[in-house]
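This briefing sets out selected geometric features of one protein model for computational work. Please consult the sequence and the structure shown below while reading.

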Amino acid sequence: MLSPIEGSRAVAETVARCRPQVVCAYPISPQTHIVENLSALVKSGRLAPCEFVNVESEFAAMSVAIGASATGARAYTATASQGLLYMAEALYNAAGLGLPIVMTVANRAIGAPINIWNDHSDAMSQRDCGWIQLYAEDNQAAADLHVIGFRLAEELSTPVMVCMDGFVLTHAVEAVDVPDQTTVDRFLPAYQPRQVLDPDAPVTIGAMVGPEAFTEVRYLAHANQLRVLDRMPELAHQFATTFDRDIDVLVSPYRCDDADTVVVALGSVLGTLKDTVDGLRADGMPVGVLGLTMFRPFPVAAIRTAVGPAKRIVVLERAFAAGVGGIVSADLAGVLPAGEREMYTVVAGLGGRPVTRDSLREMLAAAFSGRLAPLTFLDLDERLLRAEEVRS
């Protein structure tokens with residue numbers, strides 16, 4: 001049943017109904033409300049049996065999650081921004097050990113300078129650590145992707161990161177159908193770990209692997225990620241049947257069928273993009289939007305199908321690689337080879353700067369008229385840049 005609820009609370013209630021046995025957390029904005037709600041659920045006994053572990057840092061949070069998962073517990077944590085970077089070493093360990101931990105990343109910019117507002121710099125910086133990365137467009141998707149995330153993680157023995165835009169979604173109140181316990185139980189069976197550390201039958205995990213086998217280990221990790229692309233559509237079908245609502249798990253095409261220009265983006269900016277495209281369509285401009293729900297592994301076949309014969313691709317990036325350009329753009333360039341169509345990178349919304357329909361409309365008009373540069377920073381304040389040049 002749809003009810004108004006804060007995004008963080010919707011995620012916490014949904015995670016609780018996935019019956020985690022260990023929740024470990026260190027607070028950092030904007031994910032704090034999620035773990036605060038989970039701690040209250042554990043304390044009240046509504047989430048039981050479950051141990052809520054307060055830790056001294058994000059590195060400790062992921063380390064506790066690794067230990068809990070390795071002993072056979074369903075483990076969950078959440079973080080953002082510098083917190084995600086602080087746990088980076090442990091992220092690779094969790095992936096390398098094949099531990100099905102689920103984590104929410106409430107996306108936030110990375111400093112310096114300090115900035116607590118939203119962009120995708122944090123999650124994008126960890127795109128190659130071996131975790132599945134899913135991006136939510138709205139709070140209903142944020143809640144639902146956690147249910148699917150636990151199921152996927154445990155079926156394929158791989159960690160899953162569910163990304164939701166900090167503040168824009170975490171602190172927004174909107175109508176969400178938080179899944180009920182009975183339905184979640186039908187979709188997500190009790191956790192049956194593949195490997196359990198047992199003091200009575202000790203084994204070594206995470207041992208050193210030399211040059212004779214390290215490449216093969218990494219190959220197998222790659223192959224396991226590719227299995228996700230085959231499994232997710234079936235899980236989405238089962239989810240739709242069980243919960244009576246659809247969810248996009250790989251890509252989310254909007255008015256792409258006859259578009260000659262497709263804007264590719266991730267996260268909550270998709271709503272603004274769709275409104276902008278509706279307006280441009282009314283003016284006769286054939287534009288579509290392609291949302292990427294899954295970023296790792298990269299859903300190559302689904303992207304190629306969705307963009308179809310579009311002759312112009314504009315990638316709206318909420319993060320970027322300094323000295324290079326767009327991060328998503330680089331992946332797309334490998335999927336959609338140069339020469340087949342025009343490719344543009346537009347960096348937008350860094351550090352929480354609003355991405356408005358007027359700016360998007362102006363940017364797309366420039367693309368249609370051939371005035372858009374290959375790499376553009378949306379709403380760049382040239383006056384501020386000149387002032388800084390004079391000062392330095």
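At what angle do the axes of helix H10 and helix H13 cross, and within what distance do they come? In this predicted model, the axes of H10 (residues 269–282) and H13 (residues 357–368) cross at roughly 55° and come within 9 Å.

**Helix H10 with helix H13**

- Angles under 35 degrees count as roughly parallel and those from 65 to 115 as roughly perpendicular; H10 and H13 are therefore oblique to each other.
- The crossing of this pair, H10 and H13, is right-handed.
- On the H10 side, the contact is made by Thr272, Leu273, Asp275, Thr276, Gly279 and Leu280, while H13 contributes Arg357, Leu360, Arg361 and Leu364.
- By class, the residues in the contact of H10 with H13 comprise four nonpolar, three polar and three charged.

**Helix H3 with helix H5**

- Helix H3 (residues 58–70) packs against H5 with the axes 9 Å apart and an angle of about 15° between them.
- Since angles under 35 degrees count as roughly parallel, H3 and H5 are therefore described as roughly parallel to each other.
- The handedness of the crossing of H3 and H5 is left-handed.
- Seven nonpolar residues, two polar residues and one charged residue make up the contact of H3 with H5.

**Helix H7 with helix H9**

- The axes of H7 and H9 cross at roughly 130° and come within 10 Å.
- H7 and H9 are therefore oblique to each other, and their crossing is right-handed.
- From H7, the contact includes Asp144, Val147, Ile148, Arg151, Leu152, Glu155 and Leu156.
- From H9, the contact includes Asn224, Arg227, Val228, Arg231, Met232, Leu235, Gln238, Phe239 and Phe243.
- The contact of H7 with H9 has nine nonpolar, two polar and five charged residues.

**The largest pocket**

- The volume of the largest pocket is about 670 Å³.
- A total of 35 residues line the largest pocket, and those closest to its centre are Ala95, Leu220, Ala221, His222 and Asn224.
- Two or more lining residues come from each of helix H5 (88–97), helix H7 (139–156) and helix H9 (214–243).
- H9 gives the most to this lining, with nine residues.
- The lining of the largest pocket divides by class into 16 nonpolar, 11 polar and eight charged residues.
- Asn224 links two of these topics, being among the residues closest to the pocket centre and also part of the contact of H7 with H9.

**Backbone features**

- The peptide bond from Ala48 to Pro49 is cis, with omega near -5°; Pro49 lies in the loop between helix H2 (32–44) and strand S3 (51–54).
- The peptide bond from Ala112 to Pro113 is also cis, with omega near -5°; Pro113 lies in the loop between strand S5 (102–107) and helix H6 (121–125).
- Ser157, a residue other than glycine, has a positive phi, near 55°.
- Ser157 is located in the loop between H7 and strand S7 (160–165).

Note on methods
Residues numbered from 1 in each chain as written. Predicted model: local features only at pLDDT ≥ 70, side-chain atom pairs only at ≥ 80, totals over all residues. Heavy atoms only, no water. Axes fitted to C-alpha atoms, helices over the stretch in contact; angles between N-to-C directions. Helix = DSSP H or I, 4+ residues; strand = E, 2+ residues; numbered from the N terminus. Parallel < 35°, antiparallel > 145°, perpendicular 65-115°, else oblique. Left-handed = near helix turned anticlockwise from the far one by under 90°. Contact = heavy atoms within 4.5 Å. Nonpolar A, V, L, I, M, F, W, Y, C, P; charged D, E, K, R; others polar. 1 Å grid on protein atoms, 1.4 Å probe; cavity = no way out; pocket = protein on both sides within 12 Å on 5 of 7 lines; lining within 4 Å. Points joined across faces, edges and corners; volume = space filled by probe spheres on them.
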